[in-house]
Amino acid sequence: MGLGRLGCLVALVGLVLGVLPGEGFAAKDSPMSSSGLPVPRYVSLKSDHVNVRSGPTKDNDVAWVYTRSGLPVEITAEFENWRRVRDSEGAEGWVYHSLLSGRRTAVITMKRKDDLASLYENADEASAIVARLQVGVIAQVKKCVSGWCHVAGGGFDGWIEQQRLWGVYADEKVE
C-alpha cells in the first residue's frame, strides 16, 4: 500500500513538472535529438535575419538578431523544431530549425586578432600561399582531412590548417 501511494506521488510530481517516468530531459541531457542527427553538430545560418530567442518557443523574447547569412553555429540541444545554438563568441540562444542550413562554413580564428591565417595551394605548408585571411572571415568548408580543410569564399580558394577554423571539430573529416 505504501508503494502504491509513493508511485502515485511520483507520477503526480512528474505531471506537475512536465516529466513522465521514462521521458526525462532529452533536449539537453542526452545524446538523443528530435531530428535524429547528432548533437552537438555544426550548421550555418540560412538567412541574413535570424531571430535568436531566450527559449524554444515564439513566446520567448528575441534576445538578439543575427544579420550574417552563412555564419557557422553549433547546435548544442534540440527541442521539437527548435535548436539551441552557440556562435564562435560563445553566445547561446534558440533558433527555429528552418532558419538553419546543413551547409558547412567556418570562421577564421587566430591566437591574436591582428594575425593573418595562411591559405595554401595544397594541404601542405610547403606549398604556395594563395591568400592570407583575417580573423572573422567566413569560408565555405568543402573538405577536411588529416588536419587540413579545403575552403573557399569571396575571392579565395585553398587549404588551411583545421585548427585555424571555428565550425569544424578537431580531427573531423568533412566530405
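Modeller: Cysteine 144 and cysteine 149 form a disulfide, with their sulfur atoms 2.0 Å apart; a disulfide here is a pair of cysteine sulfur atoms within 2.5 Å. Keep in mind that this is a predicted model, where local features need pLDDT of at least 70 and side-chain atom pairs count only at pLDDT 80 or more, while totals for chains, interfaces and linings use all residues. Residues are numbered from 1 along each chain as its sequence is written, and side-chain values use heavy atoms, with hydrogens and water left out.

Colleague: How many disulfides does a search of the whole structure find?

Modeller: The search finds 1.

Colleague: Why is the pair of tryptophan 82 and tyrosine 96 called edge-to-face?

Modeller: Because the planes of tryptophan 82 and tyrosine 96 are at 75°, with the ring centres 5.2 Å apart. This pair links distant parts of the chain, 14 residues apart: tryptophan 82 is in strand 5 (residues 82–86) and tyrosine 96 in strand 6 (residues 92–96). Strands (E, at least two residues) are DSSP runs, numbered from the N terminus.

Colleague: How accessible are those two?

Modeller: Tryptophan 82 counts as buried at 8% relative accessibility, whereas tyrosine 96 is partly exposed at 28%.

Colleague: Which charged end sits over the ring of tyrosine 96?

Modeller: That of lysine 58, 5.9 Å from the ring centre. The rule is NZ of Lys or CZ of Arg within 6 Å of the ring centre and within 35 degrees of the ring normal.

Colleague: Which residues do ring pairs link into a cluster?

Modeller: Tyr42, Trp166 and Tyr169.

Colleague: Last one: what divides up the lining of the largest pocket?

Modeller: Its residues split into 6 nonpolar, 3 polar and 3 charged. Ala, Val, Leu, Ile, Met, Phe, Trp, Tyr, Cys and Pro count as nonpolar, Asp, Glu, Lys and Arg as charged, and the others, Gly among them, as polar. A pocket is an open set of points on a 1 Å grid over the protein atoms alone, where a 1.4 Å probe fits, with protein on both sides within 12 Å along at least five of seven lines; lining residues have an atom within 4 Å of a point. Trp166 is one of the lining residues.

How values were computed: Phe/Tyr/Trp six-rings, centres within 6.5 Å; stacked < 30°, edge-to-face > 60°. Helix = DSSP H or I, 4+ residues; strand = E, 2+ residues; numbered from the N terminus. Buried < 20%, exposed > 50% of the residue type's maximum accessible area, 1.4 Å probe, protein only.
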